[in-house]
Amino acid sequence: MTAYLLRRLLGLIPVLLGITLISFGVMKLAPGEPTDASLQFNPKASLEARERMERLLGLDQPLHRQYLRWLGRVARLDFDRSFRDGRLVTDQVLERLPVTVTINLAALLLVFGIAVPLGVFAAVRPGGVFDRLTTVLVFIGYSAPGFWLALLAIASFGVTLRWFPVSGLHAIDHEALGLLRRGLDTAWHLVLPVGVMTFVGLAGLSRYARSGMIEVLRQDYIRTARAKGLSERRILFHHGLRNALLPIITILGLALPDLIAGSVVMETIFSIPGMGRLFYDAVMARDQNVVMALVTVGALLTLLGNLLADLAYAYADPRIRVGRR
Amino acid sequence: MRRRFVRYAAALVAGLAAPALLAAQSQPVSGDALVVSSIGDASRLLPLLATDSASGDIVGLLFNGLLKYNERLEIVGDLAESWTVSPDGLTITFVLRPNIRWHDGAPVTAEDVRFTYEKLIDPSVLTPYSSSYQLVESVEALDPRTVRVRYREPFAPALESWMMGIIPKHLLEREDLNTTPFLRRPVGMGPYRFRRWNTGELIELAANPDYFEHRPYIDRYLYRIIPDQATSFLELLTGQVDLAGLTPLQYRRQTDTPYIRRAYRKFRYPSFGFTYVGYNLQDARFADRRVRQAFNLAIDKPALIDGVLFGLGTAASGPYPQESWASDPSIRPSAPDREAARALLAEAGWTDHDGDGVLDRDGRPFQFTLITNQGNEVRRQVAELVQQQLRALGVDVKIRIIEWSSFVHEFIDKRRFEAVLLGWSLSRDPDLYDLFHSSKTREGEYNFVGYANPEVDRLLERGRRVFEQEERQRIYREVHRHLAEDQPYTFLFVPDALPILHARFRNVAATPIGIAYNLIDWHVPPEEQRYRRMSP
């Protein structure tokens, strides 16, 4: 098992290197330079000023040297500074990570808490009223554009009904509130974005749960359980669900990088300073140190998530265990 | 009799009370907060490094320059109490106001000015503004309040360059300006002091009680970052934002509700910039001035303004807004005249020989591609209207919309275009050297249309060397005349700036320089104040 794990971990290194190399290449192939934002179409900025800034930022170096320099720093866990505001990329990320992880974790838990039961109950009688009703509902969430749902939610719950704030994370006088009030204030601001993200996320998972469950309920051992006279509840949740959840482990593993990758659309509409906007703004500004740092960490988490899913799978399903038998 | 007395008394009371009431209304009381909505976040809060508009907004309240523009666009002293330009134009001497203090209490001195200049020309500082100071020979602090700047040659835009915010030497002397923590905790001497910055969310400033003019009445300035315009508008509808920019559509159609009419005031004034169609003058067809003149006559500018900006703009006749002293008032935006345009094109050899509805010359139809950048809805619509209007003239225009970076790098910089639809927003000084001088045509420079007129070159050079306003006015009005005649661009329109502000703020007016020039004099009557008083 340890050997297997080591082999898998070592295997990650070339994949990760490849990903960074390709990202760096794509970044450089895209037209535009990090200095554009401050210099371009600014008649007060002369060509000389531009050349000077590029030299200061090391952008006049040949590409392979730029890449190797970056790689050398990253090997020492140094992601350098953002071109946009001169701060350490690590600081920028750490500042935004808590918000994004909180929102994503909340949405993920809610999605699981709602989608799995939805799928299970829909699977009991496929094609029944409940199944059809939930299908329509989750597919509305899945097919409607997220930004539109978000604006609709703001317009109705934020503007017309005034139940929740329109956007942002904190009330303006947040800092003057007591600890408890501050927590409540933030939670109150998070209701709409988390709610919309949950609604949008329901479809995929509930479909997986439903089809997994339908599959399982056709199995012989379920018939056996029924024949033994077990209660329907026990059949569904003890014998059925545990087996139906197997594919969901994979989905959970794949959701790991999603935890830190914020949604650009939601963060923009709800004015939330999260990872999605950090990444989007960095790409738009060709802020390569930030882009490369986020791509690398994202890739690493994706790879680790896959590995974790494989391991969890082996743990949950004896049929695919490696090694010791 | 008695009734008459009552009436007299009432009149008397009213007569006495009216001025008292007026006085009560105009006597400003401090307090409250101004909540401003911005699409983008600031990046570095230092005047030398502030390049985006958000950083510029904040830096403008934290730092002052030696000079500034007043509401009539005249140059007046800011930190400088007075300034003199030597008769040869080579020396400018500034005398600072007495008793200006940094927010930490240290005095602002001539040494700070010298330090600011040194950092502006320091090659290790990431400032894009260094070129404005290339002609400076020396900056000397003669005494704590007097600075003398010497130039190698006279440079009139220099005055505008001294509107750059001055930075504190005692706090930055030992810092690397590109990365110093000061960029996120700035200390200035402006009307507001820095309080906090929650990245991507909010920047809070507090009134500076020691500001040299007077303490601003509005206690707090809250800059909320709301990246989506629709969200910003919804925040407005719930009263959570006091000041925001509107789109023409929002200004005309969506803000006409009873609530907005009651709670807000809309303002409108011409922005300092213009939208234009530029032609690649190396292209033989556009090298002929008559063709450009014909296009200017064929494009119906009022129709563009009505169709795209809902009427919220002014037709342009040249690079200066009508309010500018540099604009020649005798040049009016041309009235659309398709027949005259057709005649000019015929003169240039363009007629419809084969009767297919498209003009041709030497058997080749008049066809070209108009490019513009992606993500600007106004420009896309303008391009379509221009296409339609030139089509009526018999010119076949194709539109191509290109992502910004490749638009600039692959098409503009390399001059791979036939015609381009773009906008300039310029500083208040009328110097157009970078845009129209024939030397500014290298890759990455801004005379990308390739305009070359020796007379305009001469005027632009001269305009940079004289300081007297009347002489400069004469020069730039002549530039304006040449540009209107030569039409290197078809100057289309000047869009209006459309801010909306909560009605509780008093003493606010739209002027050519905007509404915020007298922010420190804005105030809110106590009974209308919304945000709690600032804790000291």
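This is a predicted model: local features need pLDDT of at least 70, side-chain atom pairs count only at pLDDT 80 or more; totals for chains, interfaces and linings use all residues.

Tutor: Helix H8 covers residues 179-217 of chain A, and helix H11 covers residues 246-260. They pack at an angle of about 160°. Their axes are 9 Å apart. How do the two run relative to each other, parallel or antiparallel? An angle over 145 degrees counts as roughly antiparallel. H8(A) and H11(A) are therefore roughly antiparallel to each other.

Now look at the contact itself. H8(A) brings A:Leu205, A:Tyr208, A:Ala209 and A:Gly212. From H11(A) come A:Pro247, A:Ile248 and A:Ile251. By class, 6 of the residues in this contact are nonpolar and 1 is polar. None is charged.

Step back to the whole of chain A. The chain has 14 helices and 0 strands. Along the principal axes, its C-alpha trace spans about 85 × 60 × 40 Å.

The domain assignment divides chain A into domain 1 (2-75) and domain 2 (96-323). The C-alpha centres of domain 1 and domain 2 of chain A lie 33 Å apart. The two domains do touch: 17 residues of domain 1 of chain A are in contact with 14 residues of domain 2 of chain A. Which elements build the domain 1 side? Helix H1 (2-29), helix H2 (36-39) and helix H4 (63-75) of chain A each give two or more residues to that side. H1(A) gives the most, with 10 residues. The domain 1 side has 11 nonpolar, 3 polar and 3 charged residues.

Chain A also meets chain B. Here 44 residues of chain B are in contact with 42 residues of chain A. On the chain B side, strand E10 (218-225), helix H6 (229-237), helix H14 (404-412) and helix H15 (433-436) each supply at least two residues. The residues of that side divide into 16 nonpolar, 17 polar and 11 charged.

Chain B shows both kinds of pairing.

Take the antiparallel case. An open sheet of 4 strands in chain B has the order E4-E5-E7-E6. Strand E4 (80-85) and strand E6 (136-143) of chain B stand at the edges. Each has a single partner strand, so one side of each is left without a neighbour in the sheet. Neighbouring strands of this sheet are turned by 15° against each other on average, direction ignored. Within the sheet, strand E5 (residues 91-96) and strand E7 (residues 146-151) of chain B pair over 5 bridges. B:Thr93 stands opposite B:Arg148 of E7(B). Helix H3 (residues 110-121) of chain B lies across E5, E6 and E7 of chain B. This helix runs at about 160° to E6(B).

Now the parallel case. Strand E18 (residues 367-373) and strand E19 (residues 396-402) of chain B run parallel, joined by 7 bridges. B:Gln367 has B:Asp396 of E19(B) as its bridge partner. Between E18(B) and E19(B), the chain passes through helix H13 (residues 377-393) of chain B. This β-α-β crossover is right-handed.

Terms used: Residues are numbered from 1 along each chain as its sequence is written. Chains are lettered from A and ligands numbered from 1 in the order in which they are written. Two residues are in contact if their C-beta atoms, placed from the backbone, lie within 7 Å. Ala, Val, Leu, Ile, Met, Phe, Trp, Tyr, Cys and Pro count as nonpolar, Asp, Glu, Lys and Arg as charged, and the others, Gly among them, as polar. Domain bounds come from an automatic or database domain assignment. Two strands pair if DSSP finds at least two bridges between them. A crossover is right-handed if, with the strands pointing away from the viewer, the path from the first strand over the helix to the second runs clockwise. Axes are lines fitted to C-alpha atoms, for helices over the stretch in contact, and angles run from 0 to 180 degrees between N-to-C directions. Angles under 35 degrees count as roughly parallel, over 145 as roughly antiparallel, 65 to 115 as roughly perpendicular and the rest as oblique.
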